[in-house]
Amino acid sequence: MIFHKHQATVNDILSRYPVKRSAMLPLLNLAQKEEGYVSQAAIREIAGILDLTPPQVFETATFYTMLNLKPIGKFHVQVCRSLMCALVGADPLVDWLRKHLGIGLGQTTEDKMFTLSTVECLGSCGTGPMMQINDDYYERLTEDKVGRILKDLRETGDCSLKSGPFLVPERGEGVVSL
Amino acid sequence: MKTFEKILLTNMERPEYTGSLADYEGTGGYKALKTVLGKTPPNDLIEMVKKSGLRGRGGAGFPTGVKWGFIPKDHPGPKYLCCNADESEPGTFKDRQLMERDPHQILEGIAISCYAIGAQTAYIYIRGEFRLAAKILERAIAEAYRAGHLGADIHGSGVTVNVSVHAGAGAYICGEETALLESLEGKRGKPRTKPPFPATHGLYQKPTVVNNVETLANVPHIVNRGADWFASIGVPPKSTGTRVFCLSGHVKRPGNYELPVNATFRDLIFELGGGMRSDKPLKAFIPGGASAPFLTPDHVDVQMDFESVAMAGSMSGSGGITVMEEGTSMVWAALRLMEFFYHESCGKCTPCREGSSWIVQILQRIMNKQGRPDDLRTLTEICENIGGRTVCAFGDAEIAPVQSTLKYWRNEYEALIEEAEALKGSRKEIPVLSLA
Ligand SMILES: Cc1cc2nc3c(=O)[nH]c(=O)nc-3n(C[C@H](O)[C@H](O)[C@H](O)COP(=O)(O)O)c2cc1C
Ligand code: SF4
Ligand code: FES
C-alpha cells in the first residue's frame with residue numbers, strides 16, 4: 001500500500017477538486033516520488049481511490065513522458081536535446097555522458113545508480129546546455145561540471161551545483177537604457 | 001539614449017529582494033487587491049484591462065480583457081481561472097523566473113482576475129519538471145492564505161478565491177489551453193475541438209479563463225497605475241506594455257530581458273544581449289519560440305510587437321528569441337525543431353501525427369546525404385496538408401521551421417541533395433535513422 005502512509009496528503013489532494021479524476025496526475029506524481037516509478041500496484045491503488053478501472057489510469061499515465069512505467073536508476077539524468085541547448089553544445093555533452101557512464105540512452109548503469117535520457121526543452125534555454133536529475137536542474141554545463149555532479153551524487157546523494165531560483169541576467173537596475 | 005522602466009522584473013532584480021510575502025508587501029504588494037476587492041465592480045475591472053490593451057503573453061496574443069468579457073455574467077454555477085504555467089515552448093523561460101523570483105506578483109494577479117470574472121477557484125497548471133517553481137508557489141500560497149490575501153472572505157470583502165498548484169507530468173501539448181483543461185480533469189492531454197470555447201465550456205464544462213503567468217502578473221500593475229499608463233507603453237492601442245523576452249542561442253549574454261514591446265530585435269540581441277558570442281555574424285533568428293517562422297539579419301530592425309513581427313512574416317508568440325550564427329546549418333536546425341514537434345504531437349489528428357513523422361524522416365535523410373531530388377516538393381506538400389487542417393494550432397506551429405528555412409535557405413537543402421546525388425552508387429546506403 002503506497003498511499004497508506006500518505007493518507008493526509010491524498011485527502012488534501014482530493015479536497016482541491018470538485019471532480020475526483022482531477023487528482024490523477026497529482027497521485028501518479030506522488031506514486032512515482034514514493035517508488036521511483038509508477039508500479040502496477042500503484043495504478044491499481046489510484047484506480048481504487050478515483051473510482052476508475054486500472055486500465056483507465058494506465059491509459060492516462062502512458063501519455064505523460066515524465067512518468068516511468070518501469071523501474072529506473074536512483075538518479076535519472078535527463079539532458080535537454082532541443083535546438084537552443086543543441087546550439088550551445090548539448091550533443092557533445094550527451095556523448096560524453098554516454099562514455100562516462102558506459103551506457104546508451106534509456107539505459108541504466110549496472111549499479112542501478114544512473115539512468116540516462118535525452119528530453120525536450122526544459123525551459124532553461126538561456127543557460128544551456130542543461131539537464132535535470134530527479135527534482136533538480138543543473139545549468140551552464142561543462143564536462144568538468146557534469147563529472148563533479150555525478151561524483152557528488154554517487155558519493156553523497158546530493159550536489160550543491162543544482163540551480164536555485166532562476167534570475168538571468170543576475171541583476172538589473174529596474175530600468176533599461178537603449 | 002532612451003530609458004524604460006521595467007514593470008515585472010523591477011522587484012526581483014533588486015539585490016535584497018527574495019520574493020517573500022514581507023518583501024512583496026514592502027514594495028506595495030497586495031495593495032491593488034485590497035483596493036478593488038468588493039469595491040470596484042468586476043465589470044469595471046474587465047473594462048480597465050480592455051482599455052490597457054493587455055494581450056496574452058502565452059503565444060496567441062489575444063486581448064485579455066476581451067477574453068474575460070466572454071465569461072457569461074449570469075452563469076449560476078462555478079467558474080474557473082487556470083493560470084497557464086506549462087512553459088514548454090522551446091526558447092521560452094520567463095514564466096519560470098517570474099514564479100521562482102516573485103510568486104506573489106502572480107498570486108495577486110490571479111486573485112484580482114478571479115474576482116473580475118467571478119471565479120472562486122484558480123488552478124496553476126505548472127509543467128511537472130518545474131519542481132522548484134512549484135515548491136516556491138506552494139509556499140507563497142500558504143503565506144498568502146495566512147495573511148488573508150487568499151481564501152474565504154478576503155480582507156472582509158466577502159470575496160472567496162482559492163488557489164492551488166497542479167503539476168503536469170511531461171507533455172508540451174498541455175500548454176494548449178484545451179489540452180490543459182483535459183489534463184487538469186485527469187485525462188490524456190489532447191486538445192478539444194473548438195467551439196465551444198473555454199469561456200463557456202471549459203474546466204468541467206464550466207466557464208473558464210486560461211491565462212499565461214506573465215499576463216496575470218501584469219494585472220496588479222494595471223490596477224495600481226491605471227489602464228492609460230499601461231496603454232501608453234509600446235505601440236498603442238494594439239500592442240501595449242512590456243514583455244519579458246527570453247534570449248538564447250549564440251549571443252554573449254542570454255537571459256530574460258524586459259522591454260517595451262516596441263523595442264527592436266537589434267535592441268535585444270545587440271544592446272542587451274551583447275551581440276554575437278564570437279566573431280561569426282548573425283545568420284538567423286527565431287523571433288517568438290519554436291513555433292515562429294525563422295527570420296534573417298534583414299529583420300533585426302523590426303519591432304517586437306505582435307503586429308510588426310506578423311508583418312515581417314513571423315510571430316512574436318511566446319517571446320523567446322533564439323539567435324544563430326553563421327555556420328549553423330539551417331536544415332539541421334529545422335530538423336532539431338521538427339524532432340521536437342514529432343515527439344510532442346498528441347496524435348489526435350492524422351495530418352499532424354503522420355505528417356510530423358514524415359517530415360522528420362525526410363529531413364534526416366537529407367542531413368544524411370541521402371536526400372532525393374523530389375524531397376523538397378514532398379516537404380512543401382506535407383506542410384501544406386498540415387497547415388490549417390488540424391484540431392489545434394500545433395499543426396500550424398510545427399510547419400513553421402520547415403517552411404521558413406525552405407523560404408530563406410533553400411540553397412542549403414539543395415546543396416545537400418545535390419551531394420546525395422553525386423554520392424549515389426559510390427557508397428553503401430546508410431540506413432535512415434530510426435525515430436526513437
Ligand atoms: C501547442 C501549443 C502550446 C502552448 N503552450 C503554451 C504554454 O506553454 N504556456 C502558455 O501560457 N500558453 C501556451 N499556449 C497558448 C495557450 O493555448 C493559450 O492561448 C494561452 O495560455 C492563453 O493565455 P494568454 O491569453 O494569457 O496568453 C500554447 C498553445 C499551443 C497551440
Ligand atoms: S494538431 Fe497535433 S497536437 Fe494538435 S490536436 Fe492535432 S495531433 Fe494533437
Ligand atoms: S532548449 Fe534546452 S532548455 Fe530549452
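Guide: Contact here means heavy atoms within 4.5 Å, and the model before us is a predicted one.

Visitor: Which elements do the buried residues of α2(A) pack against?
Guide: Buried stands for under 20% relative accessible area, and in α2(A) the residues that qualify include Met24(A), Leu27(A), Leu28(A) and Ala31(A). Within chain A, the buried residues of this helix pack against α1 (7-15), α3 (40-50) and α4 (54-61). From chain B, their partners are β3 (121-126), β4 (162-167) and α8 (177-184).

Visitor: How many of the twelve residues of α2(A) are buried?
Guide: The buried set takes in Leu25(A), Pro26(A), Asn29(A), Leu30(A) and Gln32(A), among others. Helix α2(A) is largely enclosed by the rest of the structure, because the number of its twelve residues that are buried is nine.

Visitor: How far apart are the end C-alpha atoms of helix α2 (residues 24-35) of chain A?
Guide: At 1.5 Å a residue, the twelve residues of this helix should span 16 Å.

Visitor: Which residue just after α2(A) takes a positive phi?
Guide: The place to look is just after the end of α2(A), where the phi angle is about 85 degrees. The residue that takes this positive value is Gly36(A).

Visitor: How far apart do the C-alpha centres of domain 1 of chain A and domain 2 of chain A lie?
Guide: The domain assignment of chain A gives domain 1 as 4-61 and domain 2 as 75-156. Between the C-alpha centres of these two domains the distance is 29 Å.

Visitor: What is the radius of gyration of chain B?
Guide: Chain B has 18 helices and eleven strands. For its 436 residues the globule rule gives 22 Å, and the chain comes close to that, so it is as compact as a globular protein of that length. Along the principal axes its C-alpha atoms fill a box of roughly 80 × 50 × 35 Å. The radius of gyration of chain B is 23 Å.

Visitor: What share of the accessible surface of chain B belongs to carbon and sulfur atoms?
Guide: Of the 436 residues of chain B, 62% count as buried. The accessible surface of the chain comes to about 15,700 Å², and the share that belongs to carbon and sulfur atoms is 53%.

Visitor: In β11(B), which residue is the bridge partner of Leu247(B)?
Guide: Strand β8 (residues 242-249) of chain B is mostly covered, with eight of its eight residues buried. It pairs with β9 (residues 255-260) in the antiparallel sense over six bridges, and there Leu247(B) stands opposite Gly255(B). With β11 (residues 320-325), in contrast, β8(B) runs parallel over four bridges. In that pairing the partner of Leu247(B) is Ile321(B).

Visitor: Which residue in β11(B) is the bridge partner of Ala284(B)?
Guide: Strand β10 (residues 282-286) of chain B is largely enclosed by the rest of the structure, because five of its five residues are buried. Four bridges join β10(B) to β11(B) in the antiparallel sense, and in β11(B) the partner of Ala284(B) is Met324(B).

Visitor: How many residues does the contact take from domain 3 of chain B?
Guide: The assignment of chain B gives domain 1 (21-232), domain 2 (239-325) and domain 3 (330-424). The C-alpha centres of domain 2 and domain 3 of chain B lie 24 Å apart. The contact takes 13 residues from domain 2 of chain B, while from domain 3 of chain B the number is twelve.

Key
Residues are numbered from 1 along each chain as its sequence is written. Chains are lettered from A and ligands numbered from 1 in the order in which they are written. This is a predicted model: local features need pLDDT of at least 70, side-chain atom pairs count only at pLDDT 80 or more; totals for chains, interfaces and linings use all residues. Side-chain values use heavy atoms; hydrogens and water are left out. Helices (H or I, at least four residues) and strands (E, at least two) are DSSP runs, numbered from the N terminus. The expected span of a helix is 1.5 Å times one less than its number of residues. Buried means under 20% relative accessible area, exposed over 50%, partly exposed in between (1.4 Å probe, protein chains only). Two strands pair if DSSP finds at least two bridges between them. The radius of gyration is taken over C-alpha atoms; the globule rule is 2.2 Å times the number of residues to the power 0.38. Accessible areas come from the Shrake-Rupley method with a 1.4 Å probe; for residues, only the protein chains shown count as cover. Domain bounds come from an automatic or database domain assignment.
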